[in-house]
Amino acid sequence: MVDTIDRIDNKTRPVILDTSAILSGKYDLTSNGIFVPSSVLDEIRKGKIGRLVSLSTDTIKVIEPDPKYLEKVRKAAVSTGDIDRMSNTDIDAVALALQLSGILVTDDYSMQNTAVALGVEVSPASMKKIGKIIKWTYKCTGCGRIYTKKISSCPICGHELRNYPAGIRKRT
Ligand SMILES: [Zn+2]
């Protein structure tokens, strides 16, 4: 469900970035089809984040979300229980993604959760979070025991071991 940034085809889909996505530096801000609400740019300009970021604001399109969509996002955030963890800026970004039928890029869990509840596609801003780095372990094909080192066969039951990624979480 969650797509990776490098697979986003922003030639056809608007991409909405939140503050974390801009600051991640992982996104090419000069590419077309990037949208932000003005509150996101304000956050960065006011230096709330404590980092200096130079923005090519001639390629980023600044759009204010329609109140209709803000209301939808607030309602969804109330029903998911995320509302208390979301700033007005967060709500703006989700609403803009909803309005533009775009892809919301954020690392904020509450924003992701609310967006998904509204059927908005989300993508994490940081590569770390999307499991690009897989730590492998080895699982016995016979008894299912997990080993952290590669050995030729299971010392318990003698079956082969297969690569098995550690820390797999089931997506619901
Ligand atoms: Zn075994």
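Let us start with Ile16, which sits in strand 1 (residues 15–17); helices (H or I, at least four residues) and strands (E, at least two) are DSSP runs numbered from the N terminus. This is a predicted model, in which local features need pLDDT of at least 70 and side-chain atom pairs count only at pLDDT 80 or more, while totals for chains, interfaces and linings use all residues. Residues are numbered from 1 along each chain as its sequence is written, and side-chain values use heavy atoms, with hydrogens and water left out.

Ile16 has a relative accessible area of 0%, so it is buried (buried means under 20% relative accessible area, exposed over 50%, and partly exposed in between, with a 1.4 Å probe and protein chains only). Setting aside neighbours within four places in sequence, Ile16 is in contact with Phe35, Ala93, Leu96, Ala97, Leu100, Gly102, Ile103, Leu104 and Val105; contact means heavy atoms within 4.5 Å. Leu98 is 82 residues away from Ile16 along the chain, and their C-alpha atoms are separated by 9.6 Å.

## The chain as a whole

The chain holds 5 helices and 8 strands, and along the sequence they follow the pattern β-α-β-α-β-α-α-β-α-β-β-β-β. Of its 172 residues, 42% count as buried. Among contacts between residues at least 6 apart in sequence, 54% join residues at least 24 apart.

## Helix 4 and its partners

Helix 4 (residues 88–100) packs with helix 5 (residues 109–117) at an angle of about 35°, and their axes are 10 Å apart. Here the axes are lines fitted to C-alpha atoms, for helices over the stretch in contact, and angles run from 0 to 180 degrees between N-to-C directions. The crossing of the two helices is right-handed: a crossing is right-handed if the near helix is turned clockwise from the far one by less than a right angle, and left-handed if anticlockwise. Helix 4 brings Asp90, Ala93 and Val94 to the contact, and helix 5 brings Met111, Thr114 and Ala115. By class, that gives 4 nonpolar, 1 polar and 1 charged residues (Ala, Val, Leu, Ile, Met, Phe, Trp, Tyr, Cys and Pro count as nonpolar, Asp, Glu, Lys and Arg as charged, and the others, Gly among them, as polar).

Thr89 also belongs to helix 4 and counts as buried because its relative accessibility is 10%. Not counting residues up to four places away in sequence, Thr89 touches Thr19, Ser39, Val40 and Glu43.

## Two loop residues

Asp66 lies in the loop between strand 3 (61–62) and helix 3 (67–80), and its relative accessibility of 33% makes it partly exposed. Asp66 and Ala95 are 29 residues apart in sequence, with 7.8 Å between their C-alpha atoms.

Ser101 lies in the loop between helix 4 and strand 4 (103–105). Its phi is near 50°, a positive value in a residue other than glycine.

## The zinc site

The zinc ion has Cys140 (SG), Cys143 (SG), Cys154 (SG) and Cys157 (SG) as its protein donors, 2.3 to 2.4 Å away. Donors are N, O and S atoms within 2.8 Å of the metal (3.2 Å for Na, K and Ca), and sites may look incomplete because water is not among the atoms. Along the chain, the zinc donors follow the spacing C-x2-C-x10-C-x2-C.

The arrangement is tetrahedral because the 4 donor atoms subtend angles of 95 to 119° around the zinc ion; four donors count as tetrahedral if all angles lie between 85 and 135 degrees. Cys140 is buried, with a relative accessible area of 3%, whereas Cys143 counts as partly exposed at 35% relative accessibility.

Technical notes. Four donors count as tetrahedral if all angles lie between 85 and 135 degrees; four count as square planar and six as octahedral if opposite donors are over 155 degrees apart and all others between 65 and 115; anything else is irregular.
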